[in-house]
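Subject: Structure for you to look at

Hi,

Here is the structure I said I would pass on.

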Amino acid sequence: MTGTRIDKWLWAARFFKTREQASKACDMNRITSNNVAAKPAREVRIGDMLHIKNEGGEFEIEVLTLSQQRGSAAIAQTLYRETESSKEARRKAAEERRLLGPIAFTAPSKRPSKRDRRLIHSFRGDY
């Protein structure tokens, strides 16, 4: 196998739960392959450097092996190697989030009035 679709590989490497999410991330320019924005059908090859942005953070990885099948997490971790700078950046971001503490959310004390609902809808662009 010389290459595999990048959306399939991201799904197999467990960066995204579904292949559709991996494809959307490519379309939204959250995946770069060798510093070039990757489309879902782009082929990934052994040795490629990928920059991945997802809800887990930002990853800078090198592709070690190819796979088109989703396996266990232990198998998925053998497909790539994360760079040291990426590990350090994610560790720092996690530390900053921990120091900020939980974000306090206060629930509204009452239901929105008709005027409030209109403002909410206009803000969302529903009307």
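This is a predicted model: local features need pLDDT of at least 70, side-chain atom pairs count only at pLDDT 80 or more; totals for chains, interfaces and linings use all residues.

Residues are numbered from 1 along each chain as its sequence is written, and side-chain values use heavy atoms, with hydrogens and water left out.

On confidence: pLDDT is the predictor's own score for each residue, from 0 to 100. The protein averages 92, with 98% of its residues at 70 or more.

The largest one holds about 180 Å³ of space, and among its 15 lining residues G56, G57, E58, R90 and A93 are the closest to its centre. For the method, a 1 Å grid is laid over the protein atoms alone; a pocket is an open set of points where a 1.4 Å probe fits, with protein on both sides within 12 Å along at least five of seven lines, and lining residues have an atom within 4 Å of a point. Points are joined across faces, edges and corners, and the volume is the space filled by probe spheres set on them.

Which element gives the most to that lining? It is α4, with seven residues; β5 (49-54), β6 (57-63) and α4 (84-100) each supply at least two. The lining splits into five charged residues (Asp, Glu, Lys, Arg), four nonpolar (Ala, Val, Leu, Ile, Met, Phe, Trp, Tyr, Cys, Pro) and six polar (the others, Gly among them).

Next, the stretch around β2. S33 is found in this strand (residues 31-33) and counts as buried because its relative accessibility is 1% (buried is under 20% relative accessible area, exposed over 50%, partly exposed in between, with a 1.4 Å probe and protein chains only). Beyond its neighbours within four places in sequence, S33 is in contact (heavy atoms within 4.5 Å) with I6, A38, R42, D48, M49 and L50.

Two loop residues are worth a look too. N29, between α2 (19-27) and β2, has a positive phi near 60° and is exposed at 51%. N35, between β2 and β3 (36-37), has a positive phi of about 65° and is exposed at 75%. Most residues other than glycine have a negative phi.

Cheers

Note on methods. Helices (H or I, at least four residues) and strands (E, at least two) are DSSP runs, numbered from the N terminus.
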